[in-house]
Amino acid sequence: MTTLMMILGIVVFAVGLLVSIAWHELGHLSTAKLFGIRVPQYMVGFGPTIWSRKKGETEYGVKAIPLGGYIRMIGMFPPGDDGRIQARSTSPWRGMIEDARSAAFEELQPGDETRLFYTRKPWKRVIVMFAGPFMNLILAIGLFLTVLMGFGIQQQTTTVSSISPCVIAQSENRDTCKKSDPPSPAAAAGMKAGDKIVAFDGRRTDDWNTLSDLIRDSAGKDVTIVVDRKGRELTLHAKIATNMLVKKDAGGAYVQGEYVKAGFLGFSAATGVVKQDFGESVTWMTDRVGDAVDSLVALPAKIPALWDAAFNGAPRAPDSPMGVVGAARVGGEIFTLDIPASQQLAMAVFLVAGFNLSLFLFNMLPLLPLDGGHIAGALWESLRRNVARVLRRPDPGPFDVAKLMPVAYVVAGIFICFTVLVLIADVVNPVRIS
């Protein structure tokens, strides 16, 4: 049964991956057709074609390797200075440029002269290239909102899980009381496990972060605490102690290793699945985007640890970079967890949503051959032409992105090496969930 559920989880992720790729390319396809650019091919995957069908002027198909997708637009790069598009140099770098230029025109047909990608205004080209990543962002937002507002997420609640018998500074890193430790305010007030705190010092709340902040801000105060105990509301009285607690940042996250003096009641909050409202969902997603950007910036620094995990048997960090194989494996493990089926599905949807968010951010990097590289080229062309217009200079014409193809090959080579490294690590030392 466990093996069957593992396979089911992998299949769910694989379907989500294919839908995400197809959705991304649909963004490019729809906007390209909107602006009259001819698109001979729309493909999901790479390698040998499994299935295809031609509708109108575009061939739609699925290929064997589901690690990406593409649409082929006519005239991605402008002709050379002499107006020719064939290779005309023995230089390897020049050959790369002209090979790319030639490929952009290999299916040129009569009448395509007005339907070339490079002839469109820069703002139209920006829209076409941005539309793919933007579709991933829209899908990520939709999936995140579905889980946050429809299923809910695991988080701390205002229900008491356990009571601390005494006041111990968190900086001391111990859980046994000494004779000199005073009893915790929660214990002294008669609070019990299972109590649900519904009001603190006259303020009703069902949000853990709000309650935590209220307690922290009440050091030394005598307060009333209203708890729901088996359906009855009871009013307890406590004097909030002052203790050394882990610092919280502006977003409410704990800052490990840093401590501050704050109010202490002395109980552990139970966790539960809590549905978020729209505002809470937006805040949560904003925080996740920030985390994703930080992870992308920190990616190069994680490569040595990834290498050690792949080849030297070092432990794999939970936040280690993970590829499609690793994500599929996690997707499989999700369906083997001893949690309700609804939460298994919610976690699987979260995984696909996170993948789409990563696709958006990664593709927005201003590097060829990524979408962000073409966007940067179009924006640079627009800037050059506008400056020339203001200075009353001749129009410099289209920016020849093809001249950057040697850089694009280097970038692609780095990406391929990184992908292979992640793949090896995902196979020999995968990230696991619990």
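**Exercise 1. Find the mean pLDDT of the chain and the part where pLDDT stays under 50**.

Solution. Start with the whole chain: its mean pLDDT, the predictor's confidence in each residue on a scale from 0 to 100, is 86, and 93% of the residues reach 70 or more. This is a predicted model, in which local features need pLDDT of at least 70, side-chain atom pairs count only at pLDDT 80 or more, and totals for chains, interfaces and linings use all residues. Residues are numbered from 1 along each chain as its sequence is written, and side-chain values use heavy atoms, with hydrogens and water left out.

Next, take the elements. Helices (DSSP runs of H or I, at least four residues) and strands (E, at least two) are numbered from the N terminus. Helix α2 (residues 92-103) has the lowest mean pLDDT of the elements, 56, while α3 has the highest, 95.

Last, look at residues 84-91, where pLDDT stays under 50. The model has 16 contacts (heavy atoms within 4.5 Å) beyond four places in sequence for this part. Where pLDDT is low, the predicted coordinates should not be read in detail.

**Exercise 2. State which residues the UniProt annotation "transmembrane region" covers, and describe residues 126-151 and 407-428**.

Solution. The unreviewed UniProt entry gives residues 126-151, 345-365 and 407-428. UniProt positions are in the numbering used here, feature names are shortened, and annotations may be inferred rather than shown by experiment.

Residues 126-151 are 100% helix and 0% strand, with end C-alpha atoms 36 Å apart. For residues 407-428 the content is likewise 100% helix and 0% strand, and the end C-alpha atoms lie 32 Å apart.

**Exercise 3. Describe the span that UniProt gives as "domain: PDZ"**.

Solution. The unreviewed entry places this feature at residues 149-231. Over this span the chain is 20% helix and 31% strand, and 26 Å separates the end C-alpha atoms.

**Exercise 4. Compare where the partners of two salt bridges lie: Arg316 with Asp426, and Arg385 with Glu381**.

Solution. A salt bridge is a side-chain nitrogen of Lys or Arg within 4 Å of a carboxyl oxygen of Asp or Glu. By this rule the count comes to 12.

Step one: Arg316 and Asp426 meet with 3.0 Å from N to O. Arg316 lies in the loop between α7 (303-311) and α8 (324-334), and Asp426 in helix α11 (residues 405-428), so the pair ties together parts that are 110 residues apart in sequence. Both Arg316 and Asp426 are buried.

Step two: the side chains of Arg385 and Glu381 meet at 3.2 Å, N to O. These residues are four apart in helix α10 (residues 371-390), so about one helical turn separates them. Arg385 is partly exposed because its relative accessibility is 23%, whereas Glu381 is buried at 1%. Salt bridges with shared partners join Arg125, Glu381, Arg385 and Asp395 into one network.

Methods
Buried means under 20% relative accessible area, exposed over 50%, partly exposed in between (1.4 Å probe, protein chains only).
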